[in-house]
Structure formats: C-alpha cells, structure tokens
Amino acid sequence: MFSEDRPTSTRDAGPDGRPVERRRRADRADRAGTPPDGVERRRQRAVDSLGLSVPARQQRDDRFDRITRLAARIFDASWAGITVLDGDQAWFPSAQGFDIPLMPREDTFCSRTTSNARLTVVPDATLDPDYAGLPAVVNDGIRFYAGVPMTDTLGNVIGVFCVYDHSPRTMPGRDLETLEDLAAWAQSELVGSSEMLRAGQVQKAMLPAAPLHRDGWDVDGICLPALAVGGDLFDFALTNGVIHIGLGDVMGKGTGAALVGAGVRAAVRSTHPEVVTGTDLGTTTHRVARTLRGDLERNESFVTLFQCAIDVASGSVRYADAGAGLCVLLRVDGTVERLTSEDRPLGILPDDTWTEHRTTIDPGDRLLVFSDGLLDLLHDQVEWWPEVGTLVGEHADPAGLLLAVRELTAAQVALDDVTAVAVYRSPEARE
Amino acid sequence: MIEFDVRTTDDGIGVVAPRGRLNMVAARQLRETLTGLVEGGTRRIVVDLAGTTFLDSSALGALVAGLKTARQAGGDLRIARPTESVMTVFRLTNMDKVLRARDDVESAFDV
C-alpha cells in the first residue's frame with residue numbers, strides 16, 4: 001500500500017530536459033511557500049517513533065546495504081544510499097560509494113526530496129541553482145541525483161532512497177519504476193516486516209473481543225501500539241456481578257515489551273477468579289509480581305499495572321495501582337478526581353508491596369484509566385487531569401471517547417503505545 | 001540525538017549528564033554508560049538531569065538498573081536537578097522515593 005500512495009509527477013521527465021525544467025520550477029514554488037510546521041513536526045515524531053534518530057555511533061545495516069548495493073549496480077551509479085533527516089541533521093543508515101557519518105540537513109539533496117514528498121530527479125545539478133551549491137556537487141563532483149521518499153504507514157516521510165552519479169544523465173521511466181520498487185522494499189524494511197504485522201494481529205486478538213454492556217454499565221478499551229506490537233495491555237471481564245479490569249504497561253515498546261506483556265496478561269488473568277470473589281487486590285497484585293519477578297529481573301524490565309474490581313449492583317470499587325498513576329474519575333457534577341496510590345511498579349524492589357484502595361462509581365460517573373503514551377499527547381503533562389476530565393466529559397459513551405483518543409494518537413503521532421479503558425455508569429441507576 | 005557528558009569529580013563520584021530526550025534508543029546508551037562506570041570502579045554515580053527534556057519508561061528502567069548495579073557493588077546512584085516534566089514521571093510511578101531528586105550535583109552524596 002505504501003508505493004501506490006506516492007505521487008509520481010516526474011515519471012515523464014524527458015531526455016531533452018524540458019519537462020524536468022518545468023518540474024523544478026514547481027518545486028521551487030513549493031519551497032518558497034511557508035513550510036507547513038505540522039507536516040514537519042509529524043514527520044520528526046515518526047522518525048523518533050521508529051527509532052531512526054541519529055545513532056551515537058555510526059552503524060550500517062545489512063538489510064539496507066543489500067538494497068543500496070543493488071541500486072548502485074543496476075543503475076551503474078557512483079553513489080546510492082538511504083538518508084534520514086533528524087532535526088537539522090541528516091544521517092545515512094546505508095551508503096554505497098561515500099562515507100559521511102553526518103551532514104547538515106540543508107546541505108543534502110534529500111532535504112529537498114523530503115520537503116517535496118515525491119520522486120525528485122536532478123539531471124545535472126550544476127545547472128540548477130537549487131542544487132549547484134551543495135557540498136556533494138562542489139566538493140565531490142556529483143551531477144545527477146534521483147531520490148524517492150520513503151513513508152511510514154500514515155504517509156509521513158521518514159527517509160529518502162537515492163542514487164547519485166558523477167556524470168549528468170537522465171533516467172528513463174522504466175528505471176524510475178525500478179528505483180521506486182527498490183525504495184518500497186527498503187521502506188518496508190524500515191517500517192517493519194510482514195512478520196511483525198502478523199504478530200500485531202495476534203496481540204490484538206488477545207484483547208477483549210467486545211465491549212461490556214450490563215445493567216447500566218458500559219466498559220470498552222483501546223490499545224494502539226506505536227510499533228507493530230507493544231508493551232501495553234488491557235483486559236476486562238464480568239463474573240459474579242463484578243467487573244475486573246486491568247491495564248498494564250511494560251517498560252519500553254516493541255517486540256521485547258510485547259513478549260513480557262503476554263506474561264503479564266496471563267498472570268493477571270490467573271487471579272481473576274479470586275478477584276471477583278473478593279480477595280484483596282493488594283494480595284493478588286503481589287501474586288502477579290511474584291509470578292513475573294524472574295522474567296522482569298532477567299530482562300531488566302518493569303511493569304506498571306492498574307487493576308480495579310467494580311461491584312455492578314452497588315457501584316463500589318476496589319482498586320490497586322502499581323505505579324501507573326493515570327486514572328481519572330469524572331463525577332456526574334463535573335468534579336475530576338484521581339485514583340492514586342503510593343505503590344511502585346512491579347519489578348522495582350524485591351520488598352515492595354501493594355495496597356487495595358476503595359471508592360464508589362455513582363450513577364452518571366465516568367472512569368478513564370490509560371497508559372503514559374496518552375499522557376505524552378496532552379498539552380500539560382504536569383497537571384494533566386483537568387484536560388483528561390474535559391475529554392471524558394465531551395463524549396457521551398466509551399466508544400466516542402476512545403475514538404477521540406484514537407484520533408488524537410493519529411494526529412500527534414504517538415511515540416509510545418497508547419492504551420485506555422473507559423467505564424461509564426448510566427445516570428439512571430438500575431436495580 | 002542525545003549527548004552524554006560523563007566526568008568524575010575529585011571525590012571519585014561519576015557524574016552523567018544526558019542532554020536532550022531520554023527515549024528508548026538513548027536509554028540503552030545510558031544503561032551501558034552507568035554499567036561501564038560501575039565496572040570501572042566508580043560505584044557512586046550522580047545522574048544530572050538538568051538538561052534532560054524528556055524521559056520515557058525505558059529511561060526510567062535504565063536508571064533503576066543503574067541503581068541496582070551500583071548498590072550491588074556497594075555504591076549508590078542518585079539523581080539531581082530534574083526538570084518539572086521529568087519529575088512528573090518519577091511522581092506518577094511513585095519512584096520519587098527510591099530515586100529522590102537532589103538539588104545539585106555537588107551535594108548529591110552529602111546526605
């Protein structure tokens with residue numbers, strides 16, 4: 001789906017150079033206009049989120065080197081590479097024919113391609129004032145350039161796949177197609193393999209299949225991993241008139257966190273029969289911690305875990321919070337309360353304990369528990385609960401609220417997994 | 001990109017000052033830096049967070065791992081000068097009692 005979305009306005013670039021000249025003027029017009037800040041901000045967050053920031057040490061990746069080597073050979077090009085723009089710098093996850101660790105962003109051909117967000121061909125850089133002054137042209141004698149933007153699943157440009165030559169040249173349409181194919185291949189390596197997409201489907205299937213609607217209670221959740229899979233999880237089930245909800249966040253994100261997360265889910269599930277018959281949540285949390293202890297220690301990981309048990313008939317709530325701290329209760333009169341604790345995440349210190357607390361969800365009250373991936377997207381991350389209270393108040397049911405969370409996540413490009421569970425109690429109490 | 005300033009004071013205390021965003025990629029570097037200091041014989045470490053603008057759960061994990069490593073070696077790890085947004089992360093997770101924030105680097109090991 002990636003390559004089909006990419007506009008290819010210069011496919012017809014002719015050998016006589018005329019159509020190319022017209023295109024370049026259009027590009028200059030694009031650049032002359034105010035660059036849309038939102039686009040660049042989203043682009044930068046996408047680069048951060050995929051872990052494509054400038055690395056501390058120069059590193060090359062075989063997966064990309066195979067593709068750029070192939071490109072250099074097929075097109076008999078002097079150079080081939082992948083460029084990623086991070087802040088005001090450019091770095092090269094793969095480079096054939098040149099060995100530059102880092103460059104100022106503005107000094108690269110690919111900075112232009114990233115702004116254009118489409119295939120860009122420069123037949124002879126010395127004839128184009130936009131490119132003639134670049135160090136690659138002045139110092140290294142580069143004349144020809146062709147670059148294809150690589151995008152993430154949302155269309156943000158995360159890198160550029162490019163070839164360069166010391167001689168001026170043109171690129172026939174068939175070659176441009178091949179270049180785009182190679183770029184699409186490199187892009188799928190950058191964004192994640194199909195295997196990981198399948199893993200994501202498996203992880204999704206482990207979430208509750210449907211929302212809960214019972215006796216005036218509505219419970220629903222959402223889990224949006226930043227990568228193909230994530231370390232966030234939630235679970236809820238109603239047994240014996242008690243709704244047991246859990247929301248966990250394993251340190252980090254991606255596959256490692258997801259593997260630990262599957263263990264957390266299983267450990268919490270195993271306590272469900274006791275939780276719904278009234279066993280203290282501090283005790284059951286301790287048991288979950290003991291089950292996970294070895295795994296967390298060996299992986300140098302930790303987990304935040306919020307759990308609550310709601311009595312459907314009375315609305316009384318028991319909860320325990322292992323270091324999450326992100327639960328808001330919006331009262332029917334508009335008051336925003338936080339459900340807090342003094343307890344630490346699982347896997348920090350061997351002597352840690354957890355305590356059960358109590359509150360009540362009255363008719364018309366709404367509860368939202370969420371992971372810190374959502375906190376990152378709020379305007380005020382220090383005093384965040386009024387904003388969350390407003391968000392909850394604006395939506396009449398959990399589905400609407402969670403849709404708003406999904407939209408917020410997509411609009412801001414979340415850096416971390418975003419998970420939320422909403423509990424709404426209908427204003428009319430039912431016996 | 002994040003930069004780490006690493007220095008050792010006259011008292012033999014290692015000072016690590018990460019500048020910028022401490023995310024998953026940077027957390028790995030931080031953990032290696034802290035482990036390297038302890039293995040090199042520097043068992044008392046101050047992580048100076050004055051220049052750290054953002055800290056995610058991986059970075060928190062790196063600090064906890066560094067704390068455990070330092071304590072196992074008979075030393076300790078302390079944090080100094082966190083910004084308000086970084087402090088929020090410590091408070092939310094109730095980690096502010098294990099990693100108590102110190103007002104400055106020089107006196108971080110005085111009490």
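**Core, domains and chain contacts**

Modeller: Keep in mind that this is a predicted model. A place to begin is V163(A), which, leaving aside residues up to four places away in sequence, touches A71(A), A72(A), F75(A), A77(A), W79(A), A80(A), A146(A) and L179(A).

Biologist: And which residues have the most contacts inside the largest nonpolar core?
Modeller: Those are V163(A) and V421(A), and the core they belong to has 153 residues. At least three residues of this core come from domain 1 (3-191) of chain A, and at least three from domain 2 (199-425) of chain A.

Biologist: How far apart do the C-alpha centres of those two domains lie?
Modeller: The C-alpha centres of domain 1 and domain 2 of chain A are 42 Å apart. Where the two meet, seven residues of domain 1 of chain A are in contact with four residues of domain 2 of chain A. The side that domain 1 of chain A brings to this contact consists of two nonpolar, two polar and three charged residues.

Biologist: Switching topic, how many residues of chain B are in contact with chain A?
Modeller: There are 19 on chain B, and they are in contact with 27 residues of chain A. On the chain B side, α1 (24-39), α2 (57-72) and α3 (84-92) each supply at least two residues.

Biologist: Which of them gives the most?
Modeller: That is α2(B), with five residues on the side that touches chain A. By class, that side of chain B has eight nonpolar, nine polar and two charged residues.

Key: Residues numbered from 1 in each chain as written. Chains lettered and ligands numbered in written order. Predicted model: local features only at pLDDT ≥ 70, side-chain atom pairs only at ≥ 80, totals over all residues. Helix = DSSP H or I, 4+ residues; strand = E, 2+ residues; numbered from the N terminus. Nonpolar A, V, L, I, M, F, W, Y, C, P; charged D, E, K, R; others polar. Core = buried A, V, L, I, M, F, W, Y, C linked by C-beta atoms within 7 Å. Buried ≥ 20, exposed ≤ 12 C-beta atoms within 10 Å, placed from the backbone. Domains from an automatic or database assignment.
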